[in-house]
Amino acid sequence: MAEARKVSIDGVTQEAYEKALGDGVETVFDRAARIKPCPIGSGGACCKNCGMGPCRVPAPKNREETPEERAKRTGVCGATAETIAARNFARMVAGGASAHSDHGRGIAETFLAAAKGEIKDFVIKDEQKLYQLAMDMGVEIGDKDLREIAIEVGERSLAEFGKQEGEGIFVKRAPLKRQEVWRRAGVVPRGPDREIVEMMHRTHIGVDQDYESILMHAARTALGDGWGGSMIATELQDVMFGTPEPVVGLVNLGILKRDEVNIIIHGHEPLLPEMMVIASQDPELLRYAESKGAKGINLGGLCCSANEILMRHGIPVAGNFLQQELAITTGAVDLMTVDVQCQMQSLRQVASCYHTKLITTDRRGKIEGVQHIQFEEERGLEIAKEIVRMAIDNFANRDQGRVVIPDGTKEMVVGFSHETINYLLGGMFRASYRPLNDNIINGRIRGVAGVVGCNNARVQHNYNFVTMIKELIKSDVLVLTTGCSSMAAGEIGLMTPEAALEYAGDGLRSVCEAVGIPPVLHVGSCVDNSRILMAATAMVKDGGLGDDISDLPVAGAAPEWMSEKAISIGEYFVASGVFTVFGVTWPTTNSEEVTRYLFERYEDSLKGMWAFEQDPVKAAQLMIAHIDKKRKALGIDKARERILYDMAKRRELDAA
Ligand code: SF4
Ligand code: MSK
């Protein structure tokens, strides 16, 4: 059993955890205390890729190994520790890329069906983005009507996944120099399906046994995610559901309501959540809820499903990955739906301790013993209404005597899509990243960092995120977040314009004040890391900061990562030229050579590299040092020294 104040830095989460303890319900925090990570597997020293293994090849601890020992450190088939570590890492990339890409494929299928008029509940909401997308995909617009354009965009998107030859359609969105880097390194992605299948093939026993070759294909696979599957998901979701614009939302478990029907949407795909937003506001269902004694229907989200409906509709967010069980242990959740990714199997056990109805809604994401209602796009709203009705019916079963909703929510301003940042900075008629570039060049903004990824029960919930982000913004680094990182920042109050006054350095604060933005910008869900790629590309294209993403004073991080998707995201950041730091644990520590390849030698071919640092302050300092190195290379380091002097001078004058 873990101690409440040690499991999370967030008081609301601590209170909810104490309630779970009091109820005798085991949660992820207790399991993490009970189950220790395997020291052999965690460093990539275990191979189970065939029936002669598993083979364990750990390096000796606390001393250098002799050449003889090293020669013997192989699996039964002779695979070296390097091959084994590289294969394990590459398979994590493939796993993560497949999750994002399968998400993207589902969206493309729905988009195409909607464009053809085969399903009525999904429509084109952002026509301007559709036209832009069509042009980027090379669709001739001519005198075609919107429907024809949408069908062609849908068909081209779907065809991308299995593209056997050539280059992914969005590769040409990248800066020209980046494309050259990829072509030279031989990592231009074809379709994500092809790259993922090849990755699995290469890492089968007896195929690719050169760790460099494996790791270069890992880069190609990840690029097929970031500039392929994930980017398609983001683009089509925006066209169908609307491109996010700034909106205020609430975050944390305190969003649950004692006197309303509480429904939580958990997972990643926004199809059902979009329908649930409509269904939960349906007048007939609201009357039905009243007839059952509830004052209303309260829809909330968890994980990335939450991010999707928060940034498009301002729907409140109950929390991030480590808070999913705690939402149920409040005793206030009448129904929770889960679709795909990041939903714990333990939800079934936790829900069984309360009245909560747990429903799986995607055929790919079933949980043994849990009721399944398949979401069918053709009957999207009808199914959503059916689920809302079930939640209302279950409200009567709630034992209000067991309900404890921790007091505490925070406001967060969200919805900073790539387009929105463009408009906010440059204005509607001259949308541009130029003002951002100017503020980087003049030194008010030191650089930009993407802080993304999951929570991990091996470290205190939200601590690494919040500590790192505070360190960055204090040092005038503008932070972009996605996924669970966004909730961590929101829960501590870093996502309001006022946060800039309290936490940001002088330079960043002055820009946030002038534009009216928070120092930490919520850009979306996990697939929306593709927005960060587009933002970086726009910075290059608007000029003054070099020719390539690797020239920019930017860095990436996932200080609490746990999922394979995070590894794929990190890998495509690196392969796009971004210095990227991960915390908690590093999956190749058993092989110095593989680790060195990822941390140093990737830079030779890809101009980006990984780093690992568990301490979030030190990790932030690594990022800042990288940003400063890039500023120096661009010759803009002096401008920042001047601006700091100006600030100090100004303070002196203010004090006088
Ligand atoms: Fe062992 Fe080689 Fe089989 Fe892996 S592939 S389990 S190293 S024999
Ligand atoms: S939900 S992948 S825990 S960010 Fe996207 Fe959070 Fe990580 Fe899932």
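**Figure 1. A left-handed crossing joins helices H7 and H11.** Left-handed here says that the near helix is turned anticlockwise from the far one by less than a right angle, with clockwise counted as right-handed. Helices (H or I, at least four residues) and strands (E, at least two) are DSSP runs numbered from the N terminus. This is a predicted model, where local features need pLDDT of at least 70, side-chain atom pairs count only at pLDDT 80 or more, and totals for chains, interfaces and linings use all residues. Residues are numbered from 1 along each chain as its sequence is written, chains are lettered from A and ligands numbered from 1 in the order in which they are written, and side-chain values use heavy atoms, leaving out hydrogens and water.

**Figure 2. The packing of H7 against H11, in more detail.** Two packed helices are described by the angle between their axes and the distance between the axes. For H7 (residues 127–136) and H11 (residues 211–241), the angle is about 145° and the axes are 8 Å apart; axes are lines fitted to C-alpha atoms, for helices over the stretch in contact, and angles run from 0 to 180 degrees between N-to-C directions. Lys129, Leu130 and Leu133 of H7 meet Glu235, Leu236, Asp238 and Val239 of H11, where contact means heavy atoms within 4.5 Å. By class, this contact has four nonpolar, no polar and three charged residues (nonpolar: Ala, Val, Leu, Ile, Met, Phe, Trp, Tyr, Cys and Pro; charged: Asp, Glu, Lys and Arg; polar: the others, Gly among them).

**Figure 3. The shell around ligand 2 holds 13 residues.** The closest are His268, Cys304, Cys342, Cys484 and Cys526; a residue is near a molecule if one of its heavy atoms lies within 4 Å of it. Helix H14 (303–313) and helix H21 (483–491) each give the shell at least two residues. Its classes are eight nonpolar, four polar and one charged. Ligand 2 lies between domain 3 (253–402) and domain 4 (422–634), because both give residues to the shell; the bounds come from an automatic or database domain assignment.

**Figure 4. Domain 3 meets domain 4.** Here 18 residues of domain 3 touch 21 residues of domain 4. The centres of these two domains, taken over C-alpha atoms, are 32 Å apart.

**Figure 5. Two backbone details, at Pro54 and Asn62.** Most residues other than glycine have a negative phi, and most peptide bonds are trans. Gly53 and Pro54 are joined by a cis peptide bond, with omega about 0°, and Pro54 sits in the loop between strand S1 (46–47) and strand S2 (55–56). Asn62 has a positive phi, near 60°, and is found in the loop between S2 and helix H5 (67–72).
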